[in-house]
Each structure stands twice: as structure tokens, then as C-alpha cells.
Amino acid sequence: MTRGISRYTKWIATGALAACVAAAAPAAAATAPAVSCTSAKAGLADKLKRDITSAVSSRSGTIAVGLYDRTTNTTCTLRSSTAYDSASVVKVTVLATLLWDAKKHNRYLTDRETTLAKAMITKSDNDATSKLWKQLGLTKIKGFLSAAGMTQTKPGANNYWGLTQITVTDEQKLLRLVTAKNTVLSDNSRAYILKLMGQVISSQRWGTPYGAGSNISWHVKNGWLQRSTHGWRVHSVGTFTGGGHDYMITVLTHGNSTMNYGITTIQGVSKVIHKDLAAS
């Protein structure tokens, strides 16, 4: 930032700043991303677009959103291909890879693996994740990503699993696999992932479940990480069934001043999604 200020000072001295700003302003406005929604349910797409746009409009940072509801064939996206450091959200991918690989070798998980998997998902245990990540290795992790069609996800190098690059598009692909029959994950594997995501400890049940009705079953995994650039990364992925709906939500954020600021942003988005679907 200091270098930028210094450069601008030189431009001011040459009288070039005004022309530069005037030329840049229209381009910046033209490229601002917008919420996009489609739905087979009349009026639902417009309502969701309006409400999600309103929820994010007053929030700072960079926010990406994904919604898919099978029942009404509703999809909403915002910055669907923007890459974020995964933080602990990648732990669902680690578990899915473990189960996918076990299925390939026609074996059950060992007692050690089940203990590590439970700690990784329900308590977001980092040591457990590191052990499973190292056990699997990048070849198997990339193999699962390929099988799942998660082409935008880039595993973190040197065992830095929390720096895996993820997008809304790929997280929604993963949630779709977890919540419907497919050839990548067995029915037992899918049920196991959802079981653990439904047993997350109470202090980590924030994020996408916020605002869901008491008749809605939820499964969630959150992630949070502070770095020197882009402040706090705060993410939440969740799947939901009930009230005549079967849907999944991904909200990825960075540029948050605090972890709580990011949580508030995610919950503001999630609340209006749950409300609009419940009313449809």
C-alpha cells in the first residue's frame, strides 16, 4: 500500500492522477459481481437475488455464495469461481477422500481412522486432519478431486491443507455428492459424512445453519483462519433437509476484520436463504 501511495504522489505531481481515476472508475463499476439466481418456482429466484444482495451489500470483505435446492431446482451464485484459502472447510474433502479410497480398496476404515475422522469433523481437530492428510498424500487427494469433478480445487502444498484453494462451485459439487446417490461415494460413506457433520460441537454450529427452522435437519462444517493478507477467512458449508426442501449452502469470505465479523456476514446471508425457502 505504501508503494501505491508513493506512486500516486508522483502522478499528482505530473497532473496525471485525475485522468487515471476518471478512466478507471467506469471499468471498476462494470465488473462488480452480482448475485445470480434461477428457480423452477415462480418468483423465488427474484426474491432470493434481492434478499441475498441486500444481505451482502452492507458487509465489507469479499463474499462468495452458493445455494442449490433440489426440490425447487433453485440455484444462486455470487463469485462462484473466486478462490479462497480453505481453512478447515477442506476437512470434508479429506474425509470424502479417505472414504473414496477405502471403497476403491474394498475395505472398512480402521479404528484409528474413525477416531481421527470424528475429531476432524466434529471438533475441527487440526492434528487429526494433518495425520489423515499425510496418510492420504496428494496423489489420492487429487484423485478424489478428479473423480468428484472438483477441477477448481488446488490442494495446499507441503502439508498446508488449510491453504487448499477452494471455490463455491467445487464446494457445492462436493455437497451434492454427499447428499445424493452417485458413483463416487457409497451410500454408507455419504451417510457417515452427514452423521459427523450433524454432530459438530455446539460452539461450532454457527454459519449456514443460522436461521433454519426447527423442522430442518442440518449438517455443517466451518472454517476460520487469520493471515497477514485478506484478514480473516471465515467459511461455512451446510446441507439441509425438511419443510419440503433439500438444499445446500456455501458461503466463503475473506477480508474480515475479525472472525466474528465474518460469522455475522455468513449468518446474514444464511438467514434470508432459509426464510425465503421456508416461505416458498
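Predicted model: local features only at pLDDT ≥ 70, side-chain atom pairs only at ≥ 80, totals over all residues.
Residues are numbered from 1 along each chain as its sequence is written. Local features need pLDDT of at least 70, side-chain atom pairs count only at pLDDT 80 or more, totals for chains, interfaces and linings use all residues, and side-chain values use heavy atoms, with hydrogens and water left out.

Start with confidence. pLDDT is the predictor's confidence in each residue, from 0 to 100. The chain averages 91, and 89% of the residues score at least 70. Residues 1-30 stay under 50. For that stretch the model has five contacts (heavy atoms within 4.5 Å) beyond four places in sequence.

Now find the sheet. Helices (H or I, at least four residues) and strands (E, at least two) are DSSP runs, numbered from the N terminus. Two strands pair if DSSP finds at least two bridges between them. Six strands form an open, antiparallel sheet in the order 1-3-2-8-7-6. Strand 1 (36-38) and strand 6 (217-226) are the edges, each pairing on one side only. Five bridges join strand 2 (residues 62-69) to strand 3 (residues 74-78). There, D69 stands opposite T74 in strand 3.

Next comes the disulfide. A disulfide is a covalent bond between the sulfur atoms of two cysteines. Here it is counted when the sulfur atoms lie within 2.5 Å. The count comes to one. C37 joins C76, S to S 2.1 Å. C37 is in strand 1 and C76 in strand 3, 39 residues apart. The link is right-handed, with 115 degrees about the S-S bond.
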